[in-house]
Amino acid sequence: MANNPIVNMFRIKELRSRLFFTFVILAVFRLGCVLTIPGVDAGVLVDYFRDLASKNRNAFASYMDFFAGGAFSNFSVFMLGVMPYISTQIILQLALIIFPSLKRIAQEDGGQRKVAAWTRIGTVFVCLIQSFAVTVYAYSIPGAVVLENGIAFRLLAMLTVTTGAMITVWLGDQITAHGIGNGISILIFAGIVARLPHAVVELYEKVSGPSPEINPVFLIVVLIMFVAVIAFVVYEQQGVRKIPVNYAKRVVGRKMYGGQNTYIPFKINPSGVIPVIFASSFLTFPLQIVSSLGNSQNSARWIARLSAILTPTGWWYNILLVLLIIFFAYFYTQVTLNPTEIAKNIRENGGTIPGIRTDKTEEYMQKVLNRLVLPGSLYLAAIAVLPTIIQNLFGFPQSISMLMGGTSLLILVGVDLDTMSQIEALLKMHHSEGLVKRGKLRSRNL
C-alpha cells in the first residue's frame with residue numbers, strides 16, 4: 001500500500017486539495033446541468049425528446065447534449081456549456097493573425113489580459129445570439145413554454161442561459177488555477193462521461209430482448225473497434241519526432257557554456273485533440289441557430305433545407321468537419337510551434353541542426369512540421385467521422401455511436417492523459433512514484 005499511487009495521491013496535501021477542489025467544481029457543474037431555466041415545463045421536454053429518440057430524429061439535440069452532458073435537452077442554465085467561449089477564442093485567434101495591430105497589442109505588457117477580456121466580452125455576445133436561438137427552439141416544442149408573456153420569457157431565458165455559460169467558463173478557470181488539469185477540457189470531459197450510463201442502458205435495451213434492434217455480432221465488432229481505436233490513440237500520443245540540435249561551445253568570462261547535443265521533440269500529432277474541439281465548437285454555433293430556426297413553423301424554406309443539410313449525421317456536416325479539422329491542425333500548430341521563432345532561438349544560442357545550413361533552419365523546421373501535421377490531421381479526421389460510419393453502417397443510435405468513437409473518444413483519451421501527466425508530475429515533485437512504473441506519460445497540451 002505504501003507504493004500505491006492512488007493512496008499517495010490522497011496522502012500529499014497539495015494534490016489532495018486540488019483533487020477535492022476539482023470534484024466539488026464538477027459537482028456544481030453537474031447540478032447546473034439539471035436545473036431547468038424558468039418558464040419551461042421540464043416534463044414536456046422529457047416526453048418530447050424521448051419521442052424524438054424513439055423515432056431516431058434527435059440528431060441535433062444529441063449533438064448538443066454530447067458536449068453539455070445532457071444539459072441541452074434539459075434546457076438547463078448550463079445548456080450552452082463552454083462552446084461559446086471556445087468559438088470566441090477561435091475567432092479572436094484568427095483576428096490576431098489577420099490583423100497585425102491586434103497581434104502587437106497582444107504582445108505588449110498586459111496584452112494577454114486584454115485578449116482574455118476581449119474573449120469574455122465576445123463570449124457574452126455569442127451567448128446572447130445562441131440563447132435567442134434557444135428561445136426560438138423552445139417555442140417550436142408544443143407546450144414547453146409555460147410563461148405567457150413572450151417578451152419576458154425571451155429576456156429571462158437569454159439572461160439565464162448567458163449567465164450560466166459565463167459561470168461555466170469561470171468554473172473552468174477555477175479548475176485550471178486551483179484544481180487538476182485544464183478546466184475547460186475537464187468540463188467537456190465530465191459532460192461526455194455523464195452520458196455514458198444512459199448510453200450503456202440504451203445499448204443493452206437495443207441488444208437484449210426477443211427481437212433485438214442491434215445485431216450482437218455488430219456490437220462485438222464495434223466494441224473491438226472501440227478498444228483498437230483507444231489503443232491507437234494512446235500509441236499515437238506517445239510518438240515523437242526528434243530533431244537533433246548541436247550547440248557550439250561559448251566562453252563567457254571564465255565560464256564555458258554550450259557544447260552539448262540535444263533534440264527538439266515534435267509530436268506525431270503536434271496539435272493534439274485541439275483541432276477536433278475547435279472544429280466541433282466552430283460548427284456548433286451555426287448549427288444551433290439554423291436548427292433552432294429550422295424547427296419553427298414560420299421558418300423560411302431555405303433555412304429548413306439548410307438545417308436538414310447540416311444535420312450532424314449527414315455527409316455534408318462531416319465533410320465540413322474534416323476540412324475544419326485539417327485547417328485548425330495547421331492553424332494551431334503554426335500558432336504554438338512557430339518555425340521562425342524556433343529557428344531564431346536555435347541560432348541565438350549557437351545551435352545548428354546536423355546536415356542543415358544555418359540559413360535553412362526555418363525552412364527545414366517548416367517542412368518537418370508540414371509532414372507531421374498532414375497525417376496527424378487526417379488521423380484526427382478519420383476518428384472524428386467514425387460515429388457517422390458506425391451509425392450508418394451498423395444502425396447504432398446517435399447517442400451511442402457518438403460515445404463509442406470520434407470526437408468523444410479523442411477528448412476522453414486526450415484529457416485523461418493530460419490530467420494523469422499533471423498528477424504524475426505532482427507525485428514526483430513530492431518524491432513519490434508516478435502513476436506508471438514503466439514509460440512516461442506525455443501531455444496533449446489541452
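The chain holds 18 helices and 5 strands; these are DSSP runs numbered from the N terminus, with helices (H or I) of at least four residues and strands (E) of at least two. This is a predicted model, in which local features need pLDDT of at least 70, side-chain atom pairs count only at pLDDT 80 or more, and totals for chains, interfaces and linings use all residues. Residues are numbered from 1 along each chain as its sequence is written, and side-chain values use heavy atoms, with hydrogens and water left out.

**Whole chain**

- Of the 446 residues in the chain, 47% are buried. Buried means under 20% relative accessible area, exposed over 50%, and partly exposed in between (1.4 Å probe, protein chains only).
- Among contacts with a separation of 6 or more, 74% join residues 24 or more positions apart. A contact means heavy atoms within 4.5 Å.

**Helix 8 against helix 9**

- Helix 8 spans residues 150-178 and helix 9 spans residues 183-207. Their axes lie 7 Å apart, and the packing angle is about 115 degrees. Axes are lines fitted to C-alpha atoms, for helices over the stretch in contact, and angles run from 0 to 180 degrees between N-to-C directions.
- That angle makes helix 8 roughly perpendicular to helix 9. The classes are roughly parallel under 35 degrees, roughly antiparallel over 145, roughly perpendicular from 65 to 115, and oblique for the rest.
- The crossing of helix 8 with helix 9 is right-handed. A crossing is right-handed if the near helix is turned clockwise from the far one by less than a right angle, and left-handed if anticlockwise.
- Helix 8 contributes Thr-168, Val-169, Gly-172, Ile-175 and Thr-176 to the contact. Helix 9 contributes Gly-183, Ile-184, Ile-186 and Leu-187.
- By class, the residues of this contact of helix 8 with helix 9 are 5 nonpolar, 4 polar and no charged. Nonpolar covers Ala, Val, Leu, Ile, Met, Phe, Trp, Tyr, Cys and Pro; charged covers Asp, Glu, Lys and Arg; the others, Gly among them, are polar.

**Helix 2 against helix 9**

- Helix 2 (residues 13-32) crosses helix 9 at roughly 60 degrees, and their axes come within 11 Å. The two helices are therefore oblique to each other.
- Helix 2 passes helix 9 with right-handed geometry.
- Thr-22, Leu-26, Phe-29 and Arg-30 of helix 2 meet Ile-186, Leu-187, Ala-190, Gly-191 and Ala-194 of helix 9.
- The contact of helix 2 with helix 9 counts 6 nonpolar, 2 polar and 1 charged residues.

**Thr-419**

- Thr-419 sits in helix 18 (residues 407-429). Its relative accessibility is 14%, so Thr-419 counts as buried.
- A polar atom of the Thr-419 side chain lies 2.8 Å from the backbone oxygen of Val-415.
- Not counting residues up to four places away in sequence, Thr-419 touches Ile-180, Gly-181 and Ile-186.

**Ile-325**

- Ile-325 belongs to helix 13 (residues 315-336). Ile-325 counts as buried because its relative accessibility is 0%.
- Neighbours within four places in sequence aside, Ile-325 contacts Pro-275, Val-276, Ala-279, Ser-377, Leu-380, Ala-381 and Ala-384.
- Ile-325 and Ala-381 are 56 residues apart along the chain, with 6.3 Å between their C-alpha atoms.

**Thr-162**

- Thr-162 is part of helix 8. Thr-162 is buried, at 7% relative accessible area.
- Beyond neighbours within four places in sequence, Thr-162 is in contact with Val-124, Cys-127, Leu-128 and Ser-131.

Definitions and conventions. Polar contact = N/O pair within 3.5 Å; in protein donor to acceptor, adjacent residues only side chain to side chain.
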